[in-house]
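Welcome, and please open the structure in your viewer. We will go from stop to stop, with something to select at each one.

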Amino acid sequence: MGWLSLAIWTPIVFGAVLLALGRESQAQLVRWIALIGSVISFLVTIPLYTGFRLGTAEMQFVEKTSWIERFNVNYHLGVDGISVWFVLLTAFITIIVVIAGWEVIQRKVNQYMAAFLILSGLMVGVFAALDGVLFYVFFEATLIPMYLIIGIWGGPNKIYAAFKFFLYTLLGSLLTLVAFIYLYTSSGGSFDILTWHKLPLSGTAQSLLFFALFAAFAVKVPMWPVHTWLPDVHVEAPTGGSAVLAAIMLKLGAYGFLRFSLPILPDASREWAWLMIALSLIAVIYVGLVALVQQDMKKLVAYSSVAHMGFVTLGFFVFNDLGITGGLVQMIAHGFVSGAMFLCIGVLYDRVHSREIASYGGVINTMPRFTTFALLFAFANCGMPGTAGFVGEWMVILASVKANFWLGLLAATALITGAAYTLWMFKRVYLGPVANDDVRQLKDINGREFLMLAVLAVAVLWMGLYPKPMTDVMDASVANLLKQVAVSKLN
């Protein structure tokens, strides 16, 4: 079994083991098995980086076995410089989520931990799949554990939020299945994604396929105006669910644009780039202003995620190396920063049982260590130089200026709105005198919470100060993608 198969199936197997441990009396054992499983799952992804060959756009760590021979469907895996970092990010965030739920989750602990481990393996499968059917199976299967996470351990309106999440994402994906079947017949009976990259298609076919894929990937990102499911889901989801949703699941849609839309449909991608750029700018500017007036911390960070992911799609569709690399870096940075922001909100919610900004004030007086971490993550969310949040956004802004000065100027306004809503929330929650008895009785973070936030803080600072290892891995694959987009595939 290759490293990619290990990265996919190790967490799924551990999740299956946890499901067999169904008694509440075994909760502590379940937690330790989940932690061990998540750590092992991360360790098996490390060789993907240490053994990765730079300077080539070829797929690496390739595995291929016949799956459904009659329809030429294969269990075909591989990663390049675009996808490899997301495999590591997925496994890393899973460890953090297991630690975050250690004491908070007290009922059905085995099912909670199993859902996250199985979800982790499925998401790795999305990033590693090189067969259309395999990709679609993993892509859709991720909905099931997340639906259960929201619906079982969520807030008062969890059923509504879970159904909204499931229906939005499923309906969009059905058109993607139609697109895959069309590509299968057009390619002479192949579901191989790399074969699809070379497939000549008419202009009309490309445009129709572009919007069929857009239906799934834009909802997943989510782009404006199909973003309305995200705030509701974040508000109702448990802390771990919000962290994984923001850190990883939103990236599945953006990854889909890079793996499918741009290389398979280059002519349609260039033709409709103006629309993608317009929708991205609306997300960056308008949704940022919406975040500014939120009174619920989770909703504020949820809208912030939509705005930050707008930078990602903007970077992709300006069609230069700086933009695509910046979008990829922004995706990884957002994984660290948004996950950390939701976990910080979770720390407060576990103590006060409120997400309303008005319920807090002066937290720095009772939780100084925690406030230090919260300030770092707030600065990263603003795009402060020296943090992970700065690098990708700055690269996308430079790429936008390179394409069109006014485009870059509009994108840069997001740095102002991002700082406004993030620091405004920080001021009201953390600074000033103690606001009420709930805040006065708060206790600072314990060792488990300190470890969780410290690891994320190191990641945010390391990526902000030294992003070169990431960009080095991406360079050859990004250059190859741009070559594919530049060549017309009209038949």
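In which hand does helix 16 pass helix 21? The crossing of helix 16 with helix 21 is left-handed. Keep in mind along the way that this is a predicted model.

**Stop 1: helix 16 and helix 21**

Select residues 321–352 for helix 16 and residues 447–465 for helix 21. The two pack at an angle of about 155°, and their axes are 10 Å apart. Angles over 145 degrees count as roughly antiparallel, so helix 16 is roughly antiparallel to helix 21.

Now show the side chains where they meet. From helix 16, the contact is made by Val329, Ile332, Ala333, Phe336, Val337, Ala340, Leu343, Cys344, Val347 and Arg351. Helix 21 brings Glu449, Met452, Leu453, Leu456, Ala459, Val460 and Met463. Coloured by class, this contact has 15 nonpolar, no polar and two charged residues.

**Stop 2: helix 5 and helix 12**

Next, select residues 109–128, which form helix 5, and residues 239–264, which form helix 12. Here the angle is about 15° and the axes lie 11 Å apart. Because angles under 35 degrees count as roughly parallel, helix 5 is roughly parallel to helix 12. Their crossing is left-handed.

On the helix 5 side, pick Tyr112, Phe116, Leu119, Met123, Val126 and Phe127. On the helix 12 side, pick Gly240, Gly241, Val244, Ile248, Met249, Lys251, Leu252 and Tyr255. The contact of helix 5 with helix 12 has 11 nonpolar, two polar and one charged residues.

**Stop 3: helix 6**

Move on to residues 132–141, which make up helix 6. Is this helix largely enclosed or open? Eight of its 10 residues are buried, so helix 6 is largely enclosed by the rest of the structure. The buried ones are Gly132, Leu134, Phe135, Tyr136, Phe138, Phe139, Glu140 and Ala141. Look at the start of helix 6 too: a side-chain oxygen of Asp131 comes within 3.0 Å of the backbone nitrogen of Val133.

**Stop 4: Asp80**

Select Asp80, in the loop between strand 2 (73–79) and helix 4 (84–100). Why does Asp80 count as buried? Its relative accessibility is 5%, and buried means under 20%.

What does the side chain of Asp80 meet? It is joined to the side chain of Arg259 by a polar contact of 2.9 Å. A polar atom of the Asp80 side chain also lies 3.1 Å from the backbone nitrogen of Ile82. Beyond neighbours within four places in sequence, Asp80 is in contact with Phe52, Ala57, Glu58, Met59, Arg259 and Ser477.

**Stop 5: backbone details**

Most residues other than glycine have a negative phi, and most peptide bonds are trans.

- Phe61, in strand 1 (residues 60–68), has a positive phi of about 55°. Phe61 is partly exposed, with a relative accessible area of 23%.
- Phe319, in the loop between helix 15 (297–316) and helix 16, has a positive phi of about 60°. At 24% relative accessibility, Phe319 is partly exposed.
- Pro222 sits in the loop between helix 10 (203–220) and helix 11 (229–236). The peptide bond from Val221 to Pro222 is cis, with omega near -10°.
- Pro225 also lies in the loop between helix 10 and helix 11. The bond from Trp224 to Pro225 is cis, with omega near 10°.

Key. Residues numbered from 1 in each chain as written. Predicted model: local features only at pLDDT ≥ 70, side-chain atom pairs only at ≥ 80, totals over all residues. Heavy atoms only, no water. Axes fitted to C-alpha atoms, helices over the stretch in contact; angles between N-to-C directions. Helix = DSSP H or I, 4+ residues; strand = E, 2+ residues; numbered from the N terminus. Parallel < 35°, antiparallel > 145°, perpendicular 65-115°, else oblique. Left-handed = near helix turned anticlockwise from the far one by under 90°. Contact = heavy atoms within 4.5 Å. Nonpolar A, V, L, I, M, F, W, Y, C, P; charged D, E, K, R; others polar. Buried < 20%, exposed > 50% of the residue type's maximum accessible area, 1.4 Å probe, protein only. Polar contact = N/O pair within 3.5 Å; in protein donor to acceptor, adjacent residues only side chain to side chain.
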